[in-house]
Amino acid sequence: MHICIGDYLLDIVQNSFEAESSFVELTITETEDTLECLIRDNGKGMDAEVQKKVLDPFYSDGRKHAKRKVGLGLPFLSQAVEACEGTFTLQSEKGKGTLVSFSFNLHNIDVPPMGDLNTTFVALLAHPLCKELVITRSLETSKGRESYTLKKSELVEVLGPLTTSGTLNLLKEFVTSQEEELKQYQNTPQLDLHKNR
Amino acid sequence: MAKMTLEDLRKLREKKQNEIQKRDIEGKDARIIVGMGTCGIAAGAKPVLDTFLQILDEKKIDNVSVTQTGCMGLCYVEPTIEVIVPGMPDVIYGKVDVETAKRIVEQHIIGKQLVTDHMFDRPAADIIKKDGGK
């Protein structure tokens, strides 16, 4: 089971990369009441038959590890969403791509903490199978609204390949500055129990 | 920290590159590969990745390749990472927490000595490729 929302995002967006997508979009929209996440890719998609099975933790297409009988990414997410009055939808078309969207009710006591989004974004942008990723993160509260966008191709143009420790630390500094700016508009301080996650 | 623009980032990178050229290159050609499968993530691979970046930054080592892969078949000792240093055997370390990450950088990458108490052999037999993964 994953501990924080950043971990679920890492897991699910990686599915898009592994589906041979040339373009992946991650949108995170937060208000005082809800957190909505949307992951859209143009990868190989799934037919209706497979879509019925992916929430079964004992289903895997066996392509990555021939003898493994588990696939826990989406089942973990749907379980977490169920535990805290969230929503989960999966739309996919074979050959066209997949859309996963989910939301959490932030007032529910069982909602996972956000975790370290900066490292989540750095890991996703630097993932070796990530061709293009556009992350849009926004927060709207009674204090105001702030948003930022991270586009892999733009960052690579500035930094070069996102592969070495020096470059990744620069990327993290950049992402952190965006997230810090946005957090000024946060109204309810989040529980800090998992600040190292 | 004020919100950076892409232009700020470009300037910072140029400044950094000038500094790098003045330093001896430590960790050149070393690679750290973090297992980021569902098993790795659940066991804390994300903070481990971040710890490696932080330690390398503190030690001003900019040249280590830090990348990610899926499950390496050692789900029972996650988080797992592979370290490849020229002239040393490729090693998969398991149960890597913040303290271990620090030791791996200091002892293996800088000191060129294995951290033997965190070694858990090769990937599990059922995912080893027939050609040995080459």
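Trainee: What makes α3(B) largely enclosed by the rest of the structure?

Mentor: In this predicted model, 10 of the 14 residues of α3(B) are buried, so the helix is largely enclosed by the rest of the structure. A residue is buried if 20 or more other C-beta atoms lie within 10 Å of its own, exposed if 12 or fewer, and partly exposed in between, with C-beta atoms placed from the backbone. Among the buried residues of α3(B) are Val48(B), Phe52(B) and Leu56(B). Local features need pLDDT of at least 70, side-chain atom pairs count only at pLDDT 80 or more, and totals for chains, interfaces and linings use all residues. Residues are numbered from 1 along each chain as its sequence is written, while chains are lettered from A and ligands numbered from 1 in the order in which they are written.

Trainee: Why does the span of helix α3 of chain B agree with its number of residues?

Mentor: The expected span is 1.5 Å times one less than the number of residues, and for the 14 residues of this helix (residues 45–58) of chain B that should be 20 Å; the end C-alpha atoms are 20 Å apart, which agrees. Helices (H or I, at least four residues) and strands (E, at least two) are DSSP runs, numbered from the N terminus.

Trainee: Why is chain A called as compact as a globular protein of its length?

Mentor: Chain A has 6 helices and 6 strands. Its radius of gyration, taken over C-alpha atoms, is 17 Å, close to the 16 Å that the globule rule gives for 197 residues, so chain A is as compact as a globular protein of that length. That rule is 2.2 Å times the number of residues to the power 0.38.
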